[in-house]
Amino acid sequence: MKKVAILIPASPNLAFFSQIAASALALRRLDWQRWEPTLYAFLGGEPDFAALEAWRPYLRDTMMTFVPASLSDAHRFYYAQIDSLFRCAPVDADVLVRMDADTLAVQNFEDVLDYVAATNSVAGVTAHFPFPTWPGVTSRQSWIGLAHLLTGRSVGFEHAYSLPPADAPQDEWATPFYLNDGVVLIAGSVFADVVERYLKLRPNLMDHLPDPYFSGQIALALATAQAGVHSCALPMRYNFPNDELAEARYPEELDNVCIFHYLRTHAFDRQKIFASVSAYHEFLELPLTGANKVFQSCVSRLIGSEYPFAATDAAPAARPKTVQAPRDPAIARAPPKQHRDMSAEDLCAASAASERGDLLRDLVDISRAAFGFFVDQFTYTVNYPWVAGRLENLPAGSRVLDLGAGLSPLPLWLADRGVLVDTVDKHPITRTLPPAEDWNGWGFFDYRQLHPNVASHHCAIAEFTPVCEVDAVYSICVLTHMPRATREDTLWRCHGWLRSGGRLLLTIDLIPATDFLWNRSEGKEVEPLLVHGTIDELLRQLTSAGFQLNESRVLRTPRRSRTGLLLIDCTAT
Ligand SMILES: C[S@@+](CC[C@H](N)C(=O)[O-])C[C@H]1O[C@@H](n2cnc3c(N)ncnc32)[C@H](O)[C@@H]1O
């Protein structure tokens, strides 16, 4: 068995003992196959010995370290215990997880532990918002200044804060790799290197921040960048906050939560819910909604409908009466929209933000004329013009493939320019003109009905062979809908079909604010997230299939969009 050390900073009082006891119990009840978890609590401040005595029976398997009082006196914002967990962590763990006391694992997360160990990574969910900055200084300026001052280096802005407002400009919500420190996973192989840097940076940051409380998260970000270790932005399910913005933005993640972070206190008091029998039952009976409701049912399922800690009774806890976790989506979903056309207001906003407003307008006109709608998803206002812009110099008579064409204006736009296009789509629904109200971007459409330069093939990509070599292949929002093995096979096929020097253009949906490829298709999971893969893994698949990368651009939280977007431009070598 591989070892995972779970490191929790805490104060030695009733509230924290009860939260840690709940975590310990929940961890024991998860079905561990390959990993052996051990819980370590780092306790700073004056202990409440009566509470310790009462809770000791439920903390028997927890390694407890009491931080010296002098450290607690010297460090504000609980950094005595937080820094100590890094300083005194076990040396033999394969993965170490820094977890806040108000987090609770509700599903086994061995898959992500395997991934972090195998990739020698630091991984976690990107912080929700920018940290507070000095007046007149932007978040980006703060990052650049702090990185330069404390590490002598520049920082990249490849990531995005995970809870941006709907219209947040990409640029302002870009961040370096910067995690919410409720749950941070660090591979044992890189832990010492990252932590040595963290421990130097963290105290030095205090005087440079208007709110030094954030020094820990920022220090970990700078230390990870400085150490040059592999980083991975995980989906929300691995640190899901009981927060309304998160439940609205990440409904699929809420359906699959592995670790809850019950930090928001408006619906219940996180310090009390596990601390007494009456508070526990009161919590289980609260009429909650959204993420709080899912958290409540997970607690009930895992910890039980009976309070498991008779704090004055050292007898082992009775087996809980369990209740089933909800199977239906946690939040009632709006029924799918029938009419799929983008509103004039949204188009106007997209056009203003577009690098190629001219192409976007042409594509909207073509789509509306052909299908009666322009798909009402912001990512399409980016990816269609992006592909068109890269193919606009193809001479008439060039041959191009559109894989998973669905109902897209691009084959018609290319055909109008004299390009010969083959489209491939295997969808069981055939869309026959005239357009119907319920059409969306999915389905087989025979483009020959509208333009003689397009030939449409109603089959899977794996069953298709072009009649001759092609100059370019593109595929828009299709590759994430297929399993990893089919995706790999498709890339090899594309390489085989392209002439040497031919272009492959891919636009790929991502789980927002993460490094992970979107793993759902028409509402169903294609395969588990970690099997489906990450941006890095896809780029590696491309290189091994014989492609040279010209550009890969990541839009992690595009405006008003459910998914992130990866744009890839490469050449067949
Ligand atoms: C999200 S729609 C994208 C449609 C289109 N590319 C666009 O830009 O509007 C995905 C389309 O890919 C098709 N598709 C997915 N996997 C496929 C495969 N293995 N072979 C052929 N078509 C596939 C689906 O049938 C669907 O019509």
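**Close-up views of a predicted model**

View A. P434 is found in the loop between β15 (430-431) and β16 (444-445). As in the other views, what is described here is taken from a predicted model. The peptide bond that leads from L433 to P434 is cis, and its omega angle is near 5 degrees.

**View B. The protein chain as a whole, as a setting for the close-ups.** The protein chain contains 19 helices and 23 strands, and its C-alpha atoms fill a box of roughly 85 × 55 × 45 Å when this is taken along the principal axes. Of the 573 residues, 47% count as buried. Among the contacts between residues at least 6 apart in sequence, 70% join residues that are at least 24 apart.

View C. Strand β13 spans residues 399-403, and because five of its five residues are buried, the strand is largely enclosed by the rest of the structure. In a regular strand the side chains alternate between the two faces of the sheet. In β13 both faces are covered, with R399, L401 and L403 buried on one side and V400 and D402 buried on the other.

**View D. The strands that pair with β13.** β13 pairs in the parallel sense with strand β14 (residues 420-424), over five bridges, and within this pairing D402 has T423 of β14 as its bridge partner. β13 also pairs in the parallel sense with strand β18 (residues 470-476), in this case over three bridges, and here the bridge partner of V400 is A472. Together with helix α16 (residues 410-416), β13 and β14 make a right-handed β-α-β unit.

**View E. The residues around the ligand.** There are 18 residues around the ligand, of which G404, G406, H427, G441 and I476 come nearest. By residue type, the shell around the ligand divides into nine nonpolar, seven polar and two charged residues.

View F. C459 lies in the loop between β17 (454-457) and β18. It has 12 other C-beta atoms within 10 Å and is therefore exposed, since a residue with 12 or fewer such neighbours is counted in that class. Leaving aside its neighbours within four places in sequence, C459 is in contact with V424, K426 and F464. Although C459 and G404 are 55 residues apart along the chain, their C-alpha atoms are separated by 9.5 Å; G404 is also one of the residues that come nearest to the ligand.

View G. F77 has a positive phi of about 55 degrees although it is not a glycine, while Y78, which is not a glycine either, has a positive phi of about 65 degrees. F77 is partly exposed, with 13 other C-beta atoms within 10 Å, and Y78 is also partly exposed, with 18 other C-beta atoms within 10 Å.

Methods: Residues numbered from 1 in each chain as written. Predicted model: local features only at pLDDT ≥ 70, side-chain atom pairs only at ≥ 80, totals over all residues. Near = placed C-beta within 6 Å. Nonpolar A, V, L, I, M, F, W, Y, C, P; charged D, E, K, R; others polar. Helix = DSSP H or I, 4+ residues; strand = E, 2+ residues; numbered from the N terminus. Buried ≥ 20, exposed ≤ 12 C-beta atoms within 10 Å, placed from the backbone. Contact = placed C-beta atoms within 7 Å. Pairing = 2+ DSSP bridges. Right-handed = clockwise from strand over helix to strand, strands pointing away.
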